[in-house]
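Colleague: Could you take a close look at the salt bridges of this model and at what surrounds them? I would like the cut-offs stated along the way.

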Amino acid sequence: MLAKYRSLPDSVKQYLIVTGNYWAFTLTDGALRMLVVLHFYDLGYTPLAIAMLFLFYEIFGVITNLVGGWLGARLGLNKTMNIGLGLQIVALSMLLLPAAMLTVPWVMAAQALSGIAKDLNKMSAKSAIKTLVPKDAEDKLYRWVAILTGSKNALKGAGFFLGGLLLSLAGFSGAVAIMAAMLLIVWLGSMLSLKADLGKAKSKPKFTQIFSKSDSVNILSAARLFLFAARDVWFVIALPVFLASQLGWEHSSVGAFLALWVIAYGMVQSIAPTFTARKQAPDGKVATWWVGLLTLVTAILAVLILTGWVAPQFALIAGLMIFGAVFAINSSLHSYLIVSYAGEDGVSLDIGFYYMANAMGRLLGTVLSGWVYQEAGLSACLFISAAMLFVTFIISFKLPRTKTQIKS
């Protein structure tokens, strides 16, 4: 196995290192989220109060993606990826205090640091692929991005299981210590093996360049914002609370169901090129068609939940499976398009800006999910989701239809 690895081209070796880092980080990120949710639920916190623990996680994701792309272009993606891994170790270490000292502000601060770490790591991983794939190998680029993105989400779901397992076997502090030790080993290996100055811009970009000047990137970023707000407005808080409070599911059942959904979602992302790139790499037209289908699926689900024509439990499970599959393909398409649209020099600037829009969408969706569900219920969340997806559909008509239409 080691001999086979040594015989691989340098670009493939670097891709494997980047992917391995991303996998290790994602596993701890999913596990940490489940640990915090279950631990603070046991302490008597309400679902909405628990969700607020992650507010800084999302807010700092917006800031990190905007500034992180600039840092990646100036310092190199190897450094920003390793900084992200290091910050996650610090965030985990902050949670090793005795239970009495784990106050809400302290946990929110740890989650903020974890949010910074996560988005530095994700931005670095997605940007690094652009630098490792030959310039005109668009099919290969799409498949590498799909594998990285899909495997990340599958591992995030696996992290939910890991968090629950470690909590039951080792307790909260023990679970956090195990994850911190695991990530420390990965971080040390990455420091030694990841190529220096990966993705570093030839000229030092100014801080004012954090906002993209590419029409194509700006349009795709706007579409991404509404796409992810449409997912989280019903998925993050409204769905798990509805399953527990209205359908009477046990919390363990809710967690296991959502973990399996995320794993399946990631698997579909990994094989998205099979559906969308049979002859050539996809373009804006393909992205528009798929988000139109997602809008229709969500609108039908909203009507079914509102009218009760189909039993809510059946409608939600079947609808969530269809929604997840179609959404996964949309997400994979977007992930490829941003890497394709991003400029060659200082690639992380464009990708960082794009994931800033992604984080803003998650933040908007998370806040609306709690508020709208509390005021009007799950069907209202779904109708708002369908409306946001329709906005994404309209924006997507402006995406380039061919490679030559991409505007820098």
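Modeller: A salt bridge here is a side-chain nitrogen of Lys or Arg within 4 Å of a carboxyl oxygen of Asp or Glu. The model is predicted, so local features need pLDDT of at least 70 and side-chain atom pairs count only at pLDDT 80 or more, while totals for chains, interfaces and linings use all residues. Residues are numbered from 1 along each chain as its sequence is written, and side-chain values use heavy atoms, with hydrogens and water left out.

By the salt-bridge rule the count comes to 3. One of them joins the side chains of D232 and R231, with an N to O distance of 2.7 Å. Buried is taken as under 20% relative accessible area, exposed as over 50%, and partly exposed as in between, with a 1.4 Å probe and protein chains only. On that scale D232 is buried, at 2% relative accessibility, and R231 is buried as well, with a relative accessible area of 13%.

K118, D119 and R362 are linked in a network of salt bridges. Helices are DSSP runs of H or I with at least four residues, and strands are runs of E with at least two, numbered from the N terminus. As for burial, D119 has 1% relative accessibility and counts as buried; K118, at 11%, counts as buried; and R362 is buried with a relative accessible area of 6%.

Helix α13 (residues 312–341) has 30 residues and reaches 41 Å from its first C-alpha to its last, close to the 44 Å expected at 1.5 Å a residue, where the expected span is 1.5 Å times one less than the number of residues. Because 22 of the 30 residues of α13 are buried, this helix is largely enclosed by the rest of the structure.

Elsewhere, F390 lies in helix α15 (residues 378–396) and, at 46% relative accessibility, counts as partly exposed.
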